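Here is my note on this model, point by point. Please keep the structure open as you read.

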Amino acid sequence: MSWFLGFGIVGVVLLVLSLVFDGVLEGLFDGVGVLDGLFDGLLSLPVVAGFVSMFGFSGAIAMGATGVGAAGASAVGASAGLATGWLAYRLSRALLRDRSGAAPRDVDLIGVPGSVVTAIPADGYGEVLVHLAGQPVKLAAKSVAPVARGAEVWVEATLSQTAVSVRPVDR
């Protein structure tokens, strides 16, 4: 029974390592033709960890609870391990296919309100804080007229990925 418990513990350790070092094994074999993509599917570390841990713990339970021998416990553990490995594979595929909305683009900034963090001199640069997709984003900002710190502004145009043109909010 100690062998089965050892397999179970090794599987749990593999699962923790796969969570901590996510993608390291996959990156080790990038560019190696035969091994490229090997760890992306059925042989991914979470799938192997699920199989090994369930094989070990189910085998130990079967051996301790029913008194079957090592062969019977191995059969029970292997079937439970295969089911868990398949479930881990399907769950990881479903999570990897989950595509959230598109990343915000520069044009999504136009018309967004913000506030000046660093004063903007006339025809010079300062900084504004805007909220884009629920996240605060600090950008370099340029204005034709000087804008004081704390003033509310509207983004008129994007100058680059990190700079925008703003105008003060009329009140």
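1. A cut-off comes first. A residue is buried under 20% relative accessible area, exposed over 50%, and partly exposed in between. Phe7 has a relative accessible area of 37%, so this residue is partly exposed. Bear in mind that the model is predicted.

2. Next, the helix pair. Two packed helices are described by the angle between their axes and the distance between the axes. Helix α1 covers residues 2-20 and helix α3 covers residues 45-66. Their axes lie 7 Å apart, at an angle of about 155 degrees. Angles over 145 degrees count as roughly antiparallel, so that label applies to α1 and α3. The crossing of α1 past α3 is left-handed.

3. Which residues of α1 and α3 meet? On the α1 side they include Phe4, Phe7, Val10, Leu14 and Ser18. On the α3 side, Leu45, Val48, Val52, Phe55 and Met63 are among them. By class, the contact has 17 nonpolar and 6 polar residues, and no charged ones.

4. Now the rings. How many aromatic pairs does a search of the whole structure find? The count is 3. One of them joins Phe4 and Phe55. Their centres are 5.7 Å apart, with 55 degrees between the planes, and the pair is tilted. Phe4 belongs to α1 and Phe55 to α3, so this pair ties together parts that are 51 residues apart in sequence.

5. Phe7 in α1 and Phe55 in α3 are 48 residues apart, and their pair links distant parts of the chain. Ring pairs join Phe4, Phe7, Phe51 and Phe55 into a cluster.

6. Last, a residue in a strand. Ala163 is in β5, which covers residues 163-168. Its relative accessibility is 8%, so Ala163 counts as buried. What does Ala163 contact, leaving aside neighbours within four places in sequence? The contacts are Tyr125, Ala140 and Thr158. Asp106 is 57 residues from Ala163 along the chain, and their C-alpha atoms are separated by 9.5 Å.

How values were computed:
Residues numbered from 1 in each chain as written. Predicted model: local features only at pLDDT ≥ 70, side-chain atom pairs only at ≥ 80, totals over all residues. Heavy atoms only, no water. Axes fitted to C-alpha atoms, helices over the stretch in contact; angles between N-to-C directions. Helix = DSSP H or I, 4+ residues; strand = E, 2+ residues; numbered from the N terminus. Parallel < 35°, antiparallel > 145°, perpendicular 65-115°, else oblique. Left-handed = near helix turned anticlockwise from the far one by under 90°. Contact = heavy atoms within 4.5 Å. Nonpolar A, V, L, I, M, F, W, Y, C, P; charged D, E, K, R; others polar. Phe/Tyr/Trp six-rings, centres within 6.5 Å; stacked < 30°, edge-to-face > 60°. Buried < 20%, exposed > 50% of the residue type's maximum accessible area, 1.4 Å probe, protein only.
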